[in-house]
Amino acid sequence: MSIDLPTSAIPPATAAVPRSGPFLVRLQVSAAAIALLLSAFLLFSVQPMFTKMVLPRLGGSPATWSVALVVFQALLLGGYLYAHLLARHLGTRAALAVHLGLMLVAALALPIGLPAGFDRPPGENEALWLVGLFATAVGLPFFALSANGPLLQAWFARSGHPRAGDPYFLYAASNVGSFAALLAYPLLIEPLLTLRVQAEAWVAGFAVLGLLILASGLASGTALPASPGTPAPALASPAPGWPRRWAWIGFAFVPSALLVSVTAHISTDVAAAPLLWVAPLALFLLTFVIAFRDGMGRPGPALLRLQVWGTALALASFVVGVGLWGGLALHLGLFFVSALIGHARLYHLRPASDRLTEFYVCVSLGGVLGGIACGLVAPLVFSRVVEYPLLIVAALACQPGFAAGGRASLVRAAQGGLAAMAAAALMVLAGRALGVSALPQLLALAGAGLLAASWRDPQRLAVAALLALVAGLSVMRADAAVSMRSFFGIHRIAETPDGTMRLLMHGTTIHGAMRLVNPDGTAPDGPPEPLVYYTPEGPLGRAIRSVRAARGGSLGAVAVVGLGTGSLACHRVGDEAWRFYEIDPAVARIARDPEKFRFLSACGPDMPVVLGDARLTLAEAPGGENPGGFGLLMIDAFSSDAIPAHLLTREALALYLAKLSPTGVLVMHITNRHLDLGRIVARVGAEFDLSTFVAREAFAFDPVRFRAAGTVALLARDPAHLGTLAADPAWERIGPDRARRPWTDDFSNILQAMADKHALPRRSND
């Protein structure tokens with residue numbers, strides 16, 4: 001039985017009381033709207049700003065943003081609960097005084113920056129450490145800002161303004177400010193302003209906001225006595241029952257959980273950068289703007305059908321793949337539609353204005369629970385990203401009428417679904433017996449088709465979605481012998497269908513491969529051969545040999561940032577002292593296990609593996625072990641297809657040069673499907689008068705040699721230190737583009753790297 005109420009059924013908490021003049025009326029609305037807009041702008045600009053400050057401490061992991069979302073949602077819940085208590089127990093003037101006092105106390109924590117005591121994360125439990133960092137650094141200002149939305153609306157509801165009975169339009173105005181912040185940050189703020197300037201501007205905005213809140217509170221609290229004949233205030237509306245409250249929580253839970261999971265899904269394969277973080281969050285807020293507007297109707301058939309077809313395509317995409325831009329459009333589009341449906345259901349379940357703050361507490365609680373489920377619990381429970389497809393299906397339950405048939409209808413649908421899944425299981429067994437390797441893919445696509453055909457019946461829809469999900473997850477699992485999940489991502493150890501190769505996968509990227517069977521069918525003997533990007537004939541292999549030759553046949557001390565399978569260890573010659581730096585303990589365990597990969601055990605059993613972010617661990621490298629500095633320093637620290645931006649900045653390069661010998665060479669593995677980092681690296685290198693050479697291979701993957709095309713940058717104080725590569729036409733010397741700003745810990749611009757990827761190649765011989 002549906003519990004939706006039409007807008008006309010929501011009674012106002014108070015009758016409209018005429019005001020003394022149009023100026024005061026305009027002042028009320030203007031002050032409240034501007035204060036809400038600015039408050040939301042500050043609230044949602046501080047999220048990407050401070051998370052970017054934190055990234056260098058955690059290797060640029062996308063999980064940093066997932067945990068940040070959980071912390072911010074929890075602070076938002078605290079702010080909403082605080083606003084609820086103020087609105088229920090204090091008058092407008094008293095609540096205004098208390099809240100302005102809180103704003104003044106919060107101002108003492110400004111400007112925002114990294115607090116003392118959080119210089120280095122622990123070796124484990126990074127998520128809990130990150131929670132403490134966010135709470136300490138931005139907890140109080142964020143808490144104070146988060147209370148502004150419900151407080152200002154509650155004060156407005158008491159003001160006697162003609163629209164006081166339904167103040168939810170101000171919530172849409174608040175989300176306009178949030179949406180503007182999330183658009184402005186990656187497109188204007190991040191490319192133009194350093195983090196220090198951003199923090200200073202944020203303080204100024206916080207001060208202006210305090211004045212606007214004062215003006216709005218005073219305007220809302222200066223109602224004059226009602227004129228004769230004015231209707232008396234209406235009685236308080238009845239308290240909502242727990243089914244209504246659970247509906248508020250549930251319809252907020254699903255979009256919030258989807259927000260965390262879809263953000264992690266899309267940011268893993270490009271870059272851990274605000275540009276990709278804010279896109280889903282901006283769409284999330286845009287759905288609030290659309291849903292919480294006057295006259296918003298229930299989700300129409302076209303929107304509901306779009307969600308069903310989008311769900312079918314998303315489940316199928318886990319099997320067949322749709323490319324970068326197709327995947328972004330599909331998953332972000334489905335997220336937008338699903339969140340809009342959930343938030344539209346929230347709007348139609350909204351209470352009268354005197355229950356406004358309680359409503360927002362429940363909505364915020366649902367958001368926190370959704371964030372915790374995906375940001376903190378799922379990584380501990382699942383070894384794969386199971387939560388994202390689960391939530392895609394769960395979002396279908398937000399459709400109107402899903403539970404209209406009652407329990408009996410759901411039971412009948414579930415019985416049919418069990419029969420369908422039993423038939424699917426028999427199909428899988430029969431396919432394995434017949435050796436039909438494509439059957440799981442066909443089953444997943446058939447389930448997606450069944451889902452699309454069932455959109456008119458919510459119960460059949462849920463069962464069909466479950467069938468498609470089970471099939472899709474079986475395909476996701478089919479190629480993985482081992483899956484390990486850590487704070488830094490999911491690592492899968494898989495074998496090729498013909499059983500000749502074992503791969504280490506992170507996201508969609510191969511981070512190393514070991515041959516199990518030679519092309520002639522014999523078992524390999526001796527040390528394993530580096531493959532994929534690490535073959536001797538590839539740019540990394542040629543760079544190592546050329547620099548070694550230029551140094552007289554020995555590299556001396558070598559540091560490698562990024563371990564992977566340990567493939568590079570088998571490039572060591574003689575008594576060279578190699579050392580690896582790896583941020584993820586799970587990767588170190590994989591590489592050290594000879595039952596999984598033998599590169600380290602066969603070629604470098606004595607090679608140390610230093611755990612922690614390279615910016616921190618390299619800085620602590622003892623000079624006594626390599627008094628002359630490293631002869632070669634290799635940066636090979638990409639996560640899936642993303643490269644941590646903080647390893648490409650001016651500060652990072654200064655650290656590398658401090659650890660290199662006078663003739664040492666810096667090698668950067670910058671292979672990326674979506675970004676071209678050659679000119680970015682060259683511009684930073686120019687700050688230290690370094691010469692930059694880049695090799696960009698362009699060929700299809702070689703399945704026989706099992707070699708992938710790579711892009712590698714070499715930076716040296718003198719081109720002579722590179723040996724013969726300096727004259728090799730395969731290596732392009734990149735001149736610095738002085739028109740662009742070098743990347744620093746305060747400034748980076750992913751849009752530049754994306755544009756460079758699509759620009760025509762520019763060659764320079766200077």
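A residue counts as buried under 20% relative accessible area, as exposed over 50% and as partly exposed in between (1.4 Å probe, protein chains only). By that criterion F50 is buried, with a relative accessible area of 0%. This is a predicted model, in which local features need pLDDT of at least 70 and side-chain atom pairs count only at pLDDT 80 or more, while totals for chains, interfaces and linings use all residues. Residues are numbered from 1 along each chain as its sequence is written, and side-chain values use heavy atoms, with hydrogens and water left out.

**Aromatic pairs**

- Rings of Phe, Tyr and Trp (its six-membered ring) pair if their centres lie within 6.5 Å; planes under 30 degrees apart count as stacked, over 60 as edge-to-face and the rest as tilted.
- The count under this rule is 11 aromatic pairs.
- F50 and F134 form an edge-to-face pair, because their ring centres are 5.2 Å apart and their planes stand at 80°.
- This pair connects distant parts of the chain, 84 residues apart: F50 belongs to helix α1 (residues 22-54) and F134 to helix α4 (residues 126-146); helices (H or I, at least four residues) and strands (E, at least two) are DSSP runs, numbered from the N terminus.
- F134 is also buried, with a relative accessible area of 0%.
- The rings of Y82 and F143 have centres 5.4 Å apart and planes at 45°, so this pair is tilted.
- Y82 in helix α2 (residues 63-89) and F143 in helix α4 are 61 residues apart, and both are buried.
- F50, F72, F134 and F142 are linked into a cluster by ring pairs.

**Surroundings of Q198**

- Q198, in helix α7 (residues 195-220), is buried, with a relative accessible area of 4%.
- Leaving aside residues up to four places away in sequence, Q198 touches M49, Y185, I189, E190 and L193, where contact means heavy atoms within 4.5 Å.

**The open sheet**

- An open sheet of 8 strands has mixed pairing and the order β7-β6-β5-β8-β9-β11-β10-β12; two strands pair if DSSP finds at least two bridges between them.
- β7 (609-611) and β12 (732-733) are at the edges with a single partner strand each, so one side of each has no neighbour in the sheet.
- Strand β6 (residues 577-582) runs parallel to β7 and is joined to that strand by 3 bridges.
- Y581 has V610 in β7 as its bridge partner.
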